[in-house]
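Let us walk through this protein step by step. Keep the sequence and the 3D view side by side as you read.

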Amino acid sequence: MFFISKLIWLLAQPLSIAFLLSALAALFGLFGLRKLSGMSALLCALTLFVTLYTTAGALALQSLEARYPKPATDPADLSCTIILGGAFESEVTAARGGIEFNQAADRFIEAGRLALQFPQSRILISGGDGSFSGVYEGEAQASERFFTAFGIAADRVVKENTSRTTYENTLNTAEILKQRGFSDCALITSAFHMPRSVALFQKAGIAVRPWPTDFRTSGIVSAKLDFTQPALNAQLTATAAREWMAVLGYRFAGRIDSIKAP
């Protein structure tokens with residue numbers, strides 16, 4: 001299932017769809033099917049225009065981020081923090097050494113801040129090697145180096161090294177929580193990823209405190225044309241499309257019931 005989901009996403013992301021439509025337009029043109037060729041070319045152009053020059057992606061992402069707002073204050077007490085993987089550039093780290101983060105680095109920055117604020121709390125990191133090859137160091141393992149570099153003792157870090165998807169994150173983390181007796185943990189992940197993550201923990205019967213970070217939108221985005229930042233628009237659209245596809249897929253498979261905040 002892991003590899004199937006990866007392959008589906010390779011084909012279903014907006015720019016891949018645009019490429020496939022352009023290829024179909026050329027193929028239909030070679031066989032003299034002008035109407036089909038023109039329709040494919042038009043759909044390709046429309047896909048590219050919406051992806052690159054509108055705020056459609058930002059709006060779709062913003063609707064997910066709005067479900068669990070950023071906490072206004074720190075909790076009075078915190079015994080456990082769960083961090084879902086997805087913030088490390090595993091290939092770059094493996095080749096160059098050190099610790100290299102991607103855009104989701106806020107997950108670990110915020111977790112580090114909370115760890116210093118609540119020195120008695122434990123940190124559970126869930127994330128293995130989510131690459132096709134499976135030859136890279138898991139995120140849970142790499143994160144120990146990050147925390148110890150900032151003076152957070154390694155014995156506070158609990159590592160879950162095997163999960164490759166959010167669904168596996170939840171199953172494996174739930175088992176560790178039960179084994180160790182951890183409860184009422186703060187769940188840290190990207191804001192757009194929080195609704196699906198919380199829904200999975202709810203389905204597993206595990207109560208968590210949503211602690212979203214890594215917001216990608218301002219929260220006040222409106223529907224409009226935007227010719228100023230096509231690369232960013234494409235990135236936001238791809239991220240939104242992937243997350244919404246995952247939400248629908250998980251809902252269809254019965255892995256979650258709803259992504260509505262309580």
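A residue is called buried when its relative accessible area is under 20%, exposed when it is over 50%, and partly exposed in between. Take Arg-164 as a test case. Its relative accessible area is 36%, so Arg-164 is partly exposed. Keep in mind that this is a predicted model.

Start with the sheet. It is open and has five strands, in the order S3-S2-S1-S4-S5, with parallel pairing. Strand S3 (157-160) and strand S5 (208-213) are the edge strands, and each of them pairs on one side only. Neighbouring strands are turned against each other by 20° on average, direction ignored.

Now look at strand S4, residues 185-190. S4 pairs with S5 in the parallel sense, over six bridges. On the S1 side, the pairing with S4 is also parallel and has three bridges. Ala-186 lets you see both pairings. Across from Ala-186 stands Arg-209 in S5. Thr-81 stands opposite Ala-186 too. Move along to Leu-187 in the view. Its bridge partner in S5 is Pro-210. In a regular strand, side chains alternate between the two faces of the sheet.

Is S4 covered or open? It is mostly covered, since six of its six residues are buried. Cys-185 lies in this strand. Its relative accessibility is 2%, so Cys-185 counts as buried. What does Cys-185 touch? Leaving out residues up to four places away in sequence, Cys-185 touches Cys-80, Ile-82, Leu-177, Ala-207, Val-208 and Arg-209. For contrast, find Phe-28, 157 residues away from Cys-185 along the chain. The C-alpha atoms of Phe-28 and Cys-185 are separated by 55 Å.

Next comes helix H9, residues 194-203. H9 lies across strand S1 (80-84), S4 and S5. The helix runs at about 145° to S4. How many of the ten residues of H9 are buried? Eight are, so H9 is largely enclosed by the rest of the structure. Among the buried residues of H9 are Met-194, Val-198, Leu-200 and Phe-201. What covers them? The cover includes helix H4 (56-65) and helix H8 (166-180), along with S1, S4, S5 and H10. Just after H9, Gly-205 takes a positive phi of about 80°.

H9 also leads us to the charged pairs. A search of the whole structure finds eight salt bridges. In one of them, the side chains of Glu-243 and Arg-196 meet, at 2.8 Å from N to O. This pair links distant parts of the chain.

Recall that the partly exposed range starts where the buried range, under 20%, ends. Glu-144 has 22% relative accessibility, so Glu-144 counts as partly exposed. Lys-159 is at 29%, so Lys-159 counts as partly exposed as well.

Arg-164, our test case, meets Glu-168 in a salt bridge of 3.3 Å, N to O. Asp-74, Glu-110 and Arg-113 are linked in a network of salt bridges.

Finish at the surface. Which residues form a nonpolar patch there? They are Met-39, Leu-43, Leu-46, Phe-49, Val-50, Leu-225 and Phe-227. Together they have about 660 Å² of accessible area. Pick out Val-50, which is found in helix H3 (residues 34-53). Its relative accessibility is 34%, so Val-50 counts as partly exposed.

Key. Residues are numbered from 1 along each chain as its sequence is written. This is a predicted model: local features need pLDDT of at least 70, side-chain atom pairs count only at pLDDT 80 or more; totals for chains, interfaces and linings use all residues. Side-chain values use heavy atoms; hydrogens and water are left out. Patches are made of residues with over 30% relative accessible area and no salt bridge: like charges are joined within 9 Å, nonpolar side chains (Val, Leu, Ile, Met, Phe, Trp, Tyr) within 5 Å. Accessible areas come from the Shrake-Rupley method with a 1.4 Å probe; for residues, only the protein chains shown count as cover. A salt bridge is a side-chain nitrogen of Lys or Arg within 4 Å of a carboxyl oxygen of Asp or Glu. Helices (H or I, at least four residues) and strands (E, at least two) are DSSP runs, numbered from the N terminus. Buried means under 20% relative accessible area, exposed over 50%, partly exposed in between (1.4 Å probe, protein chains only). Two strands pair if DSSP finds at least two bridges between them. Axes are lines fitted to C-alpha atoms, for helices over the stretch in contact, and angles run from 0 to 180 degrees between N-to-C directions. Contact means heavy atoms within 4.5 Å.
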